[in-house]
Amino acid sequence: MDTFTLKDGVTLFYKDWGPKGAQPIVFHHGWPLSADDWDAQMLFFLEQGYRVIAHDRRGHGRSSQTWTGNEMDTYAADVAALTEALDLRDAIHVGHSTGGGEVTRYVARHGRDRVAKAVLIGAVPPVMVRSEKNPGGTPIAVFDDIRRNTATNRAQFYIDLTIPFYGYNREGAEPHEGVRRNWWRQGMMGGIKAQVDCIKAFSETDFTKDLKAIAVPTLVMHGEDDQIVPFANSGPLSAELLRNGTLKAYPGLPHGMPTTHADRINADLLAFIRG
């Protein structure tokens, strides 16, 4: 296994496939998953000649089960340390859900000299939780419920969550048991403390200033039937805040569209990267 040890002793697991001289694409996974959630994209872009990298965020997957540092500033600093160690330049960073928040903070604060483009897919920015400044957000009670279920009934909660995640509760949807089990497998690999902490990180972090600071071309891809990160309060708002942002909306598609509609998402990603 490829691993990298951070200054605080945390070990990050990562995958690094393809020619070292090829343009790198770095994939950032969502909560509470791992680099494995990008299998369909990693293989596709490897076959297109790119160097593909994906890591398990601290506390997730095969990385150290951390009890500290489970917040966005540290997540972004971890990415900066890994990209510097691998000497990644002219990179495209692609983040899904919580990973989209990680990409946003990393590019804004650390990646200006190393990043060519960015992609946010079903991503949590600008900010998820409802407040006076964000009246269209999700009530804090929803995230409190996620915290409670993760802390007390994680195994059952994670398998149940796959239904809205992939839109399997919609008319005409065809649930795939293997997809659900793979999501559950990834989630259960991670540390419960880190995963509980990460709920606050993805729901309450305000990325407004980060989005405004990003100058590289950024594609914002979001399913209009996203039941996890609702479309109206995320994708369109992020695209407006970005200096060079483009919104691509997907009517009827769910939060987990990189898996359920991999061919379509991969084709659109490739067109943006090559464009």
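Asp 197 is partly exposed, with a relative accessible area of 23% (buried means under 20%, exposed over 50%, partly exposed in between, with a 1.4 Å probe and protein chains only). Its salt-bridge partner is Lys 193, with the closest N and O atoms 2.6 Å apart. This is a predicted model, in which local features need pLDDT of at least 70, side-chain atom pairs count only at pLDDT 80 or more, and totals for chains, interfaces and linings use all residues. Residues are numbered from 1 along each chain as its sequence is written, and side-chain values use heavy atoms, leaving out hydrogens and water.

**Overall fold**

- The protein has ten helices and eight strands (DSSP runs numbered from the N terminus: helices are H or I with at least four residues, strands are E with at least two).
- The C-alpha trace spans about 45 × 40 × 40 Å along its principal axes.
- Of the 275 residues, 57% are buried.
- The accessible surface comes to about 11400 Å² (Shrake-Rupley method with a 1.4 Å probe; for residues, only the protein chains shown count as cover).
- Carbon and sulfur atoms account for 52% of that surface.
- Among contacts between residues at least 6 apart in sequence, 77% join residues at least 24 apart (contact means heavy atoms within 4.5 Å).

**Salt bridges**

- The structure holds 24 salt bridges (a side-chain nitrogen of Lys or Arg within 4 Å of a carboxyl oxygen of Asp or Glu).
- Side chains of opposite charge can pair when their charged atoms come close.
- Lys 193 and Asp 197 are four residues apart in helix α6, so about one helical turn separates them.
- Lys 193 is partly exposed at 41% relative accessibility.
- Lys 200 bridges to Glu 204, with the closest N and O atoms 2.9 Å apart.
- Both Lys 200 and Glu 204 lie in α6, four residues apart, about one turn of the helix.
- Lys 200 is partly exposed at 47%, and Glu 204 is partly exposed at 31%.
- Elsewhere, salt bridges that share partners join Lys 15, Asp 36, Asp 39, Asp 56, Arg 62 and Arg 185 into one network.
- In helix α5 (residues 177-189), Glu 177 and Arg 180 are three residues apart, so about one helical turn separates them.
- The closest N and O atoms of the Glu 177 and Arg 180 salt bridge are 3.8 Å apart.
- Glu 177 is partly exposed at 40%, whereas Arg 180 is buried at 14%.
- An α-helix has 3.6 residues a turn, so residues three or four places apart point the same way.

**Helix α6 and Ser 203**

- The 13 residues of α6 should span 18 Å at 1.5 Å a residue, and its end C-alpha atoms are 19 Å apart, which agrees (the expected span is 1.5 Å times one less than the number of residues).
- Buried in α6 are Ala 194, Gln 195, Cys 198, Ile 199, Ala 201, Phe 202 and Ser 203.
- The buried residues of α6 pack against α2 (72-85), α3 (98-109), α4 (140-165) and α5.
- Ser 203 lies in α6 (residues 192-204) and has a relative accessible area of 0%.
- Leaving out residues up to four places away in sequence, Ser 203 touches Val 127, Met 128, Val 129 and Phe 143.
- Ser 203 and Pro 139 are 64 residues apart in sequence and 9.9 Å apart in space, C-alpha to C-alpha.

**Strand β2 and its partners**

- Strand β2 (residues 11-17) is mostly covered, with five of its seven residues buried.
- β2 runs antiparallel to β1 (residues 2-5), joined by four bridges (strands pair if DSSP finds at least two bridges between them).
- Asp 2 stands opposite Tyr 14 in β2.
- The hairpin of β1 and β2 has five residues between the strands, and Gly 9 there takes a positive phi near 90 degrees.
- Four bridges also join β2 to β4 (residues 51-55), again antiparallel.
- Trp 17 has Val 52 in β4 as its bridge partner.

**Ser 234**

- Ser 234 sits in the loop between β7 (218-223) and α8 (235-241).
- Ser 234 is buried at 1% relative accessibility.
- Beyond neighbours within four places in sequence, Ser 234 contacts Ala 123, Pro 125, Pro 126, His 222 and Val 229.
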